[in-house]
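Hi everyone, thanks for coming. Let me put a structure on the screen, and then I'll walk you through it.

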Amino acid sequence: MFTVIGVMFGGIAIGFLLRRQRLSWIGRVITVLIWVLLFLLGVEVGGNRRIVEGLATLGGEALMIALACVLGSCVLAWGLWHWLYKRKGRSV
Amino acid sequence: MKGSLIIVGFFVLGTLCGAFHLLPFEVGESDISFYALCGLMFSVGLSIGNDPQTLKNFRALNPRLVFLPVATILGTLAAAALVSLLLPHRSMADCMAVGSGMGYYSLSSIFITEYKGPELGTVALLSNIFREIMTLLGAPLLVRWFGNLAPISSGGATTMDTTLPIITRCSGQQFVIVSIFHGFVTDFSVPFLVTFFCSL
């Protein structure tokens, strides 16, 4: 976990040193790497018997809990968003 | 929308490759996804460091955004407690333990399997993978419905690594620092909250 964060800070430092150059291709690299990681997550899910068998019986429950948690946290985030920005028309 | 469909396509393709063992090596045993994640984070770092605007945004960060991880944790736990009313064979504490994984599926499912057995552990694994996938795929909709902070809250503990790129894409580059800070705080809360709700 901390290695990943360290690598990112390394990237920030190198990006800062190269700030005179426009690295316009970096967005495309990010998109491709997101695809690769989602593909690999899929491979792990598909290859894990425990998850594949669980998908049918336990998947519904997991989906309900996940959906509730996403919505619950988003409702509070919406409240905070309103409190911070919409009320006084501040910018970030 | 097209971007999300491509992402789903890659995920489904991966699932099929995994199910029918179409890859010549074991992904779970290799470090390939770790290196891909490092490559991704390095690229994200490059784009942050290369953008002179980021440092200005960091200084202009609203200090009240420290409440964002609190909002995420409270919203998640409240919703998990409510949904337990719809799942009569699951206790409220079990649902809150699964919810407090905050999308950190590897750690939370190991913890829950240890404390509560493999069945709830599997629910935790799936539920937190779903949360990450929902954030990755739903980020543009969440921004439209709940404002720019919503994908960060939805991403939970993953907002400093796997969901960071999609958040910067949908909410804007100025939310990078908030997103990393939020990921850090939420991430550290996972082992404590999961252990607490498993011991109830």
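I'll start with some housekeeping, then go through the interface, the salt bridge and the annotated segments.

Please keep in mind that this is a predicted model, where local features need pLDDT of at least 70, side-chain atom pairs count only at pLDDT 80 or more, and totals for chains, interfaces and linings use all residues. Residues are numbered from 1 along each chain as its sequence is written, chains are lettered from A and ligands numbered from 1 in the order in which they are written, and side-chain values use heavy atoms, with hydrogens and water left out.

Now to the interface. With contact taken as heavy atoms within 4.5 Å, 91 residues of chain B touch 71 residues of chain A. The two chains bury about 7,100 Å² between them, and 80% of that is on carbon and sulfur atoms; buried area here is the accessible area (1.4 Å probe) that two parts lose on being put together, summed over both. Asn50(B), Arg64(B) and Phe146(B) supply 10% of what chain B buries against chain A, more than any other three residues.

What about polar links? Between the chains there are 15 residue pairs in polar contact, both residues at pLDDT 80 or more. That term means N or O atoms within 3.5 Å; within protein, one must be able to donate a hydrogen and the other to accept it, and residues adjacent in sequence count only if both atoms are side-chain atoms. On the side of chain B that touches chain A, helix H2 (residues 32-50) gives the most, with 18 residues. Helices here are DSSP runs of H or I, at least four residues, and strands are runs of E, at least two, numbered from the N terminus.

How many salt bridges cross this interface? The rule, a side-chain nitrogen of Lys or Arg within 4 Å of a carboxyl oxygen of Asp or Glu, finds one. It joins Glu61(A) and Arg90(B), at 2.6 Å, N to O.

Lastly, the annotations. UniProt, in an unreviewed entry, places "transmembrane region" at residues 25-43 and 63-84 of chain A; such annotations may be inferred rather than shown by experiment. In the model, residues 25-43 of chain A are 95% helix, and residues 63-84 of chain A are 100% helix, with end C-alpha atoms 31 Å apart. For chain B, the unreviewed UniProt entry gives that feature at residues 6-25, 32-50 and 65-87. Residues 32-50 of chain B are 100% helix, while residues 65-87 of chain B are 74% helix and 0% strand.
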